Amino acid sequence: TPKTEMCVRFWYWLPAGSPDSLTVYLLSNGELSEAIWQQSGVPSLSWEVAEVTVSSSAEFRVVFRYKSGHGHKGLVAVDDISFSRECIFDPKNGNLPDTLPTSGPGSTPSGVRLQSPRLPLSSPYCQILCSFEDGLCVWVQGAEDQLDWISGSGPTETPNTGPTVDHTTGKGKYLYIKSSLPSVRGHMAQLKSPLLPSAGDVGHCFTFWHHMFGATVGSLRMLLQTTDPRNKVWQKSGNQGDEWQLVQIHVTLQSVYQVILEATVGGEAGDIAIDDLSLSYGPCTASSGDIFSHSIEEKIWSLYASSTGAHNRYSTTIIPSPADLCDFEEGNCGWQQQTDDDFDWVRQSGPTHNPNTGPDSDHTTNAPSGHYYYLSSSNTDRAGQTARMSSPLYPSGKNSCVQLWYHMLCLNIYQQVAGETPALLFSKMGDQGQLWRFAQAGLLFHDRPYRVMVEGVKAGPTQVGDMAFDDVMLTDAPCPSPGHCDFEINMSRRSKQGKDDDEDWLRGRGNSSIQHR
């Protein structure tokens, strides 16, 4: 087998000035190599980075061995282990190595060995992993798009958008789309993986980091291409803050597939960046980031708490399933028109047909291409006529709060339980202005399966009474206090930018000087 060289990079922490030591070996064919790196008695109390070149002509494991100089009272930590070129191991990619107590060659009872998972260098998991330090690895630019992904380091050239550093090291490279001229709104860039094998019994975990910061950020989505039409498994739109955010996708497809990352320009201040793509064997861990399970038959996604550093996301939102959050971008999410009403809600994008009434765009993306449901008004309407839509059936004990955005004159939200009169949760009447408004209400029934119903009520003959709703979400957590917003999750849940001003407020963290580069 040809000899392979790669660079193993990792961060470590040892007590300053102590006799404790950390040593790195290779384990191949059951034999432990001579030490390829060793450190003890570090001079500081901070995290230190180390790099060591590994050369092998066979499959191998990397072994970290710690030896305490204080018996059982020592302490060591390692983090962010990565392999450049062939492999990059991110500790949050769902494939953490096992920690095994051992009495290996030359060790004492205080020795601990940390072994990486066995991984052939020819594995597709190695081939797809990429930090973009040395190009696109095995990824390729799309051919049916208008833009190419660009390699970047440091800040992007457009002010107040894009990352200031890469995710991998803070000094390296990432890929991004340039949103300023000559790019125009709606232009799209695709990045495609090679063909990947069937996910098997336990599936694959695909991991990547993204950065979506700016007043006019468009959308980023992940698609899985098989012999069938492409399946969208994840999407984010709009400003997500000046931070790198983690996404983990559990793929369970039982056929050969291809991963496609697709970014769309939303405006001149909307650079979108990606970094540290990886693929691991087995399901994703619940340690951090968006975790999305995908198969042709089922879609289950959850958003877990993440705390990954100064430039990474911290979030405590929980979204248990796709039916619990619907933005109507891909259809009705299982919501159904009722048959005992007078009209149907209509799925719409862009402005409604009547002038001077209804929204100009959806709430999710604030773009003409986004979707929502609306109820048109006319001069033949009669007061009290209704249009109703019901959610999928939720099991008993599921969720505590329903939230949505509305744009309307008269709208009601009910909870429906079989054999019971629908319980009114929320009601609003009268002109609410030409903007999307937020509604929420606590659920009343928890001991029986239920549906949520949205009802629009006509005010009478008029052509300025269009109604709409969008972004329906049910949460397990109780509804937050009215008017409460600390901007820790996303400002778009509570407020929208004005359209008659010159600039937009941007959600940030840390030193405000980050916003002016």
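# Disulfides, an open sheet and nonpolar cores

Cys 130 and Cys 137 form a disulfide (a pair of cysteine sulfur atoms within 2.5 Å), with their sulfur atoms 2.1 Å apart. The structure holds three disulfides. This is a predicted model, in which local features need pLDDT of at least 70 and side-chain atom pairs count only at pLDDT 80 or more, while totals for chains, interfaces and linings use all residues. Residues are numbered from 1 along each chain as its sequence is written, and side-chain values use heavy atoms, with hydrogens and water left out.

**Disulfides**

- The link of Cys 130 and Cys 137 is right-handed, with 80° about the S-S bond.
- Cys 130 is buried, at a relative accessible area of 0%, whereas Cys 137 is partly exposed at 40%; buried means under 20% relative accessible area, exposed over 50% and partly exposed in between, for a 1.4 Å probe and protein chains only.
- A disulfide also joins Cys 326 and Cys 333, with the sulfur atoms 2.0 Å apart; the torsion about its S-S bond is about 75°, so this disulfide is right-handed.
- Cys 326 counts as buried at 0% relative accessibility, and Cys 333 as partly exposed at 34%.
- Cys 401 is joined to Cys 479 by a disulfide with an S to S distance of 1.9 Å, and this link is right-handed, with 105° about the S-S bond.
- The pair of Cys 401 and Cys 479 links distant parts of the chain, 78 residues apart: Cys 401 lies in strand β29 (residues 401–407) and Cys 479 in the segment after β34 (467–475). Strands (E, at least two residues) and helices (H or I, at least four) are DSSP runs numbered from the N terminus.
- Cys 401 is buried, with a relative accessible area of 0%, while Cys 479 is partly exposed, with 26%.

- Five strands form an open, antiparallel sheet in the order β10-β13-β18-β15-β16; two strands pair if DSSP finds at least two bridges between them.
- β10 (140–141) and β16 (231–237) stand at the edges with a single partner strand each, so one side of each is left without a neighbour in the sheet.
- β10 pairs with β13 (residues 188–192) in the antiparallel sense over two bridges, and Val 140 stands opposite Lys 192 in β13.
- Glu 144 lies in the loop between β10 and β11 (150–152) and is partly exposed, with a relative accessible area of 40%.
- Leaving aside neighbours within four places in sequence, Glu 144 is in contact (heavy atoms within 4.5 Å) with Met 188, Gln 190, Lys 192 and Arg 230.
- The C-alpha atoms of Glu 144 and Ala 189 are separated by 8.6 Å, the two residues being 45 residues apart along the chain.

**Nonpolar cores**

- The largest nonpolar core has 34 residues, and those with the most contacts inside it are Trp 149, Phe 206, Phe 208, Leu 220, Met 222 and Leu 277. A nonpolar core is a set of buried Ala, Val, Leu, Ile, Met, Phe, Trp, Tyr and Cys residues joined through side-chain atoms within 4.5 Å.
- Strands that each supply at least two residues of this core include β13, β15, β16 and β18, and the largest share, four residues, comes from β19.
- Leaving aside neighbours within four places in sequence, Trp 149 is in contact with residues including Gln 141, Ala 189, Leu 220 and Leu 261.
- Apart from this core lies another, of 30 residues, among them Leu 375, Met 408, Ala 441 and Phe 445.
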